[in-house]
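Here are my notes on the model, for you to check against the coordinates. They cover strand pairing first, then salt bridges.

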Amino acid sequence: VVVLISIGQGATSGVTESISSMGSNIISVNVFNRRKSIEFKDVGDFENLEGVKNVTPVYSSSATVKYDLESTDVSITGGNENYMEINNYEIGSGRDINPVDVDFRNKIAVIGLTVAEDLFGKDDPLNKEISIDGEKYTIVGVLKDKGSSIRGDSNEIVIVPVTTLMRQYNSSGINSITIQANSAEESTIAKESIEKYLLNYFEDEDSYRVFSQDEMLNTLNEVTGMLTAMLGGIAGISLLVGGIGIMNIMLVTVTERTREI
């Protein structure tokens, strides 16, 4: 019973730590309206909302990245100068994405350690050109090791200016935005102000979804709590069955000894 409950509690602790490392003041906005998306020029409006600290539009795609004869399939993420701070990425060498890169759609990239090792081995990747689905990008930065999360290897990523990626894939609007509140305490205020803005923008509550890390944490805690209870229940049933077996053996033994005595 103790071992199984400990396993459940360990899983809960691991999930909680993984989500908490992303930041409890992070809010995600996803747009589901097929006829209308958020214009890139309107993304800046979110920074003026109450409780909001940083905002980054997010455009993600899977792509084949090549350098010389080496290639790898990784997640390509488009963001602005706030993306790394919001998602707790740090630059190990080189530089971050600048506002100028976003404004002028510069073809530059910041890569994770796993991508750097797969493509370049022990060589320095800075200022070298890689091909992302046939388009040339210059590497200007390499991220520090971030380890793994519930989403997989956090080092297996390539980050480029969101406007550059949108142009490459002919996308005209933003369907995903990540927002950082001033603090965990102000995340509720920020979420409410974001929801009011989106309701006014789309005039339809079904067109978008605002999701905070706290909600995700609570949901996963409920799931892992049920898992722990289930493991405890299985252990309890096993204990009951084992107890009945021991009771029967003792009963037979005592009965035989009584007759013998």
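1. Two strands count as paired if DSSP finds at least two bridges between them. Bear in mind that this is a predicted model. Strand β4 (residues 70-79) and β11 run parallel and are joined by five bridges. Ser75 stands opposite Ile157 of β11.

2. Strand β11 has another partner. Strand β6 (residues 108-111) is joined to β11 by two bridges, and these strands run antiparallel. Here Val110 faces Ile159 in β11, the two standing opposite each other.

3. How many of the five residues of strand β11 are buried? Five of the five, at residues 157-161, so the strand is largely enclosed by the rest of the structure.

4. Now the charged pairs. The structure holds seven salt bridges. One of them links Asp101 and Arg95, with N to O at 2.8 Å. Asp101 has a relative accessible area of 3%, so this residue is buried. Arg95 is partly exposed, at 30% relative accessibility.

5. Asp42 and Lys41 also form a salt bridge, their closest N and O atoms 3.4 Å apart. Is Asp42 buried or exposed? Buried means under 20% relative accessible area, and Asp42 counts as buried because its relative accessibility is 13%. Lys41, at 66%, is exposed.

6. Helix α7 (residues 213-260) holds both Arg257 and Glu260, three residues apart, or about one turn of the helix. The two form a salt bridge, with the closest N and O atoms 3.0 Å apart. Arg257 is partly exposed, with a relative accessible area of 42%. Glu260 counts as exposed, at 59%.

Terms used:
Residues numbered from 1 in each chain as written. Predicted model: local features only at pLDDT ≥ 70, side-chain atom pairs only at ≥ 80, totals over all residues. Heavy atoms only, no water. Buried < 20%, exposed > 50% of the residue type's maximum accessible area, 1.4 Å probe, protein only. Helix = DSSP H or I, 4+ residues; strand = E, 2+ residues; numbered from the N terminus. Salt bridge = Lys/Arg side-chain N within 4 Å of Asp/Glu carboxyl O.
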